[in-house]
Amino acid sequence: MFNYWELKQLPNFLIAAPMIILSTIAIVKYFNYGQNLKKVMTLGLMSDPDSSKERAEPYFNSHVSSYILHWSFLLIFGIVVMYIQVLNRFLSSQCAPLYWFAAHSVLSESKVLPKLIIAYFILYNFIGTILFISFYPWT
């Protein structure tokens with residue numbers, strides 16, 4: 001564990017930083033929303049089905065709690081055990097709540113976060129395409 005954390009790997013950590021930050025913000029927002037910490041700890045089995053607040057905010061629904069717990073585990077596992085180069089691909093392919101949170105943020109918030117999310121996805125795809133066709137490594 002942590003054998004990969006060296007100064008020469010700093011560029012790889014910078015590439016993975018936006019995904020780590022976005023994931024952390026989304027998980028913390030879910031935990032801090034109402035009684036969601038209780039829902040996560042009980043895997044959504046001990047929730048009130050008649051909550052009108054859940055219907056208004058689909059990302060914070062109790063049925064999402066198992067996905068958030070899975071996402072939390074994958075994020076921690078990816079940072080601690082895996083090579084940081086594959087963290088973007090790993091989380092992008094395994095975590096649907098990442099996209100749910102991005103969509104929820106873009107549609108419901110009018111602050112800086114939605115603009116940063118859109119800019120990150122566009123820049124990541126554009127820069128990744130340019131570097132890939134130029135035979136540079138990109139994850």
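Which residues of helix 7 are buried?

**View 1. Buried residues of helix 7 in the predicted model.** The buried residues here are Leu-113, Pro-114, Ile-117, Tyr-120 and Gly-128. They cover an arc of only 125° around the axis, which places them on the same side of helix 7. Their packing partners are helix 1 (10–32), helix 5 (87–94) and helix 6 (96–108). Val-112, Lys-115, Ile-122, Phe-126 and Ile-133 are exposed on the other side of the helix.

**View 2. Length and end of helix 7.** Helix 7 has 22 residues (residues 112–133), which at 1.5 Å a residue should span 32 Å. The C-alpha atoms at its ends lie 32 Å apart, in agreement with that value. Just after the helix, Phe-135 adopts a positive phi of about 65°.

**View 3. Aromatic pair of Tyr-67 and Trp-100.** The whole structure contains 10 aromatic pairs. In the pair of Tyr-67 and Trp-100, the ring centres are 5.3 Å apart and the planes stand at 80°; planes over 60 degrees apart count as edge-to-face, so this pair is edge-to-face. Tyr-67 belongs to helix 4 (residues 65–80) and Trp-100 to helix 6, so that the pair links distant parts of the chain, 33 residues apart. Both are partly exposed, Tyr-67 with a relative accessible area of 43% and Trp-100 with 38%.

**View 4. Aromatic pair of Tyr-120 and Phe-121.** The ring centres are 5.5 Å apart and the planes are at 50°, so the pair is tilted. Tyr-120 counts as buried at 16% relative accessibility, whereas Phe-121 is partly exposed at 24%.

**View 5. Aromatic cluster.** Tyr-30, Tyr-33, Tyr-59, Phe-60 and Phe-101 are joined into a cluster by ring pairs.

Terms used
Residues are numbered from 1 along each chain as its sequence is written. This is a predicted model: local features need pLDDT of at least 70, side-chain atom pairs count only at pLDDT 80 or more; totals for chains, interfaces and linings use all residues. Side-chain values use heavy atoms; hydrogens and water are left out. Helices (H or I, at least four residues) and strands (E, at least two) are DSSP runs, numbered from the N terminus. The expected span of a helix is 1.5 Å times one less than its number of residues. Buried means under 20% relative accessible area, exposed over 50%, partly exposed in between (1.4 Å probe, protein chains only). The arc is that of the directions from the helix axis to the C-beta atoms. Contact means heavy atoms within 4.5 Å. Rings of Phe, Tyr and Trp (its six-membered ring) pair if their centres lie within 6.5 Å; planes under 30 degrees apart count as stacked, over 60 as edge-to-face and the rest as tilted.
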